[in-house]
Amino acid sequence: MNKLTKQRNLFIIVSLIVPLTLLIAFVVFPAMDLFKMSFTNWDGYSPSSSFIGLANYISMLKNKDLWLSLRNNGIYFVVHLLMIVVELAFAVLLTSKLRAAKFYKTMVFLPYIINGVAIAYAFSYFFSPINGAFDAILQAMNLEGWIRNWLSDEKVVNYVLAFVSLWRFSGYHVILFMAALQSIPKDIEEAAEVDGANTWHLFRYIQVPAIMLMVDFVLFDNIRGALQVFDIPFVMTAGGPGYASSTFTLYTIKTAFTFSNFGLASTMAVTIMIMIVVIYLIQNELIHGLILKDRGKKQ
């Protein structure tokens with residue numbers, strides 16, 4: 001047994017060498033270099049850079065356009081957050097005995113596997129004010145009064161982009177929820193049905209509590225995705241008009257490659273990493289420390 005334990009430990013260590021090496025080489029060292037760069041004034045091509053302390057962080061906090069971009073990220077977060085309930089309902093429906101369920105599963109997941117740039121270009125034409133399909137649909141429905149410049153109107157552009165993001169990623173969340181629901185033992189649900197539980201009772205008291213860990217993951221994926229939105233606004237509006245549809249990541253990339261201020265861009269990158277970690281810790285405390293803990297006590 002002792003020999004078997006040693007072999008198992010050796011196998012674990014050998015198996016971890018490659019992933020740990022890649023993690024250190026491509027995540028830890030670049031993150032440390034990024035953090036160091038955030039305290040410098042570097043244009044991205046000069047052989048040397050100057051140390052400026054917290055000047056980049058102070059400049060970032062005073063940047064109104066950056067705060068506007070972060071507010072736009074909040075719109076993506078809220079829209080996706082409200083959609084989680086609908087995604088969960090779709091997952092429950094698709095895991096039930098529904099005719100042509102396999103076809104619906106494919107159609108729901110299909111947008112996620114399509115390239116994001118291709119989706120952005122397709123919806124750019126869809127919402128185009130010149131021969132755009134969406135405006136044509138509104139005209140056919142005698143709703144000409146609703147027609148507007150969907151990608152240049154500051155009041156609606158972020159909601160349009162959030163809709164495109166929703167169309168692309170909701171299917172992924174539905175599939176995740178379906179996988180979690182299918183992992184619930186069938187005998188538990190059958191026993192509940194025998195005791196008189198209806199569909200709503202099954203959903204509220206059995207299915208939702210059983211998949212809370214997956215809900216936790218989807219919530220975190222929503223937070224991370226909302227803070228890192230880039231390809232859709234970059235292709236469809238380039239952050240315009242002005243900074244009306246810019247996002248935190250898009251503004252960071254522009255700061256680095258358009259304005260050649262890699263020091264300030266590094267500061268923004270460090271900030272978004274810190275925000276993701278802090279929000280995850282708070283969410284983890286709420287989900288595991290309160291909800292799952294209370295559920296464990298009740299059981």
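Colleague: Which residue forms a salt bridge with Asp 221, and how far apart are the closest N and O atoms?

Modeller: A salt bridge is a side-chain nitrogen of Lys or Arg within 4 Å of a carboxyl oxygen of Asp or Glu. Here Asp 221 pairs with Arg 224, and their closest N and O atoms are 2.5 Å apart. This is a predicted model: local features need pLDDT of at least 70, side-chain atom pairs count only at pLDDT 80 or more, and totals for chains, interfaces and linings use all residues. Residues are numbered from 1 along each chain as its sequence is written, and side-chain values use heavy atoms, with hydrogens and water left out.

Colleague: Where do Asp 221 and Arg 224 sit?

Modeller: Helices are DSSP runs (H or I, at least four residues), numbered from the N terminus. Both residues are in helix α10, three residues apart, so about one helical turn separates them.

Colleague: Is Asp 221 buried or exposed?

Modeller: Buried means under 20% relative accessible area, exposed over 50%, partly exposed in between (1.4 Å probe, protein chains only). Asp 221 is buried, at 11%. Arg 224 is partly exposed, at 32%.

Colleague: How many salt bridges does a search of the whole structure find?

Modeller: Four. One of them joins Asp 231 and Arg 168, at 2.8 Å from N to O. Asp 231 lies in helix α11 and Arg 168 in helix α7, so the pair ties together parts 63 residues apart in sequence. Asp 231 is partly exposed, at 22%. Arg 168 is buried, at 13%.

Colleague: What does Arg 168 touch?

Modeller: Contact means heavy atoms within 4.5 Å. Leaving out residues up to four places away in sequence, Arg 168 touches Pro 111, Tyr 112, Ile 114, Gly 116, Ile 119 and Asp 231.

Colleague: Which residues touch the most other members of the largest nonpolar core?

Modeller: In soluble globular proteins, nonpolar side chains tend to be buried together. A nonpolar core is a set of buried Ala, Val, Leu, Ile, Met, Phe, Trp, Tyr and Cys residues joined through side-chain atoms within 4.5 Å. The largest one has 23 residues, and Ala 91, Phe 177, Leu 181, Ile 211 and Val 215 touch the most other members. Helices α3, α7, α9 and α10 each supply at least two residues of this core. Its largest share, seven residues, comes from α7. Another core, of 19 residues, lies apart from it and includes Tyr 76 and Leu 151.

Colleague: How far apart are Val 78 and Ile 223 in sequence and in space?

Modeller: They are 145 residues apart in sequence and 9.5 Å apart in space, C-alpha to C-alpha. Val 78 lies in helix α3. It is partly exposed, at 42%.
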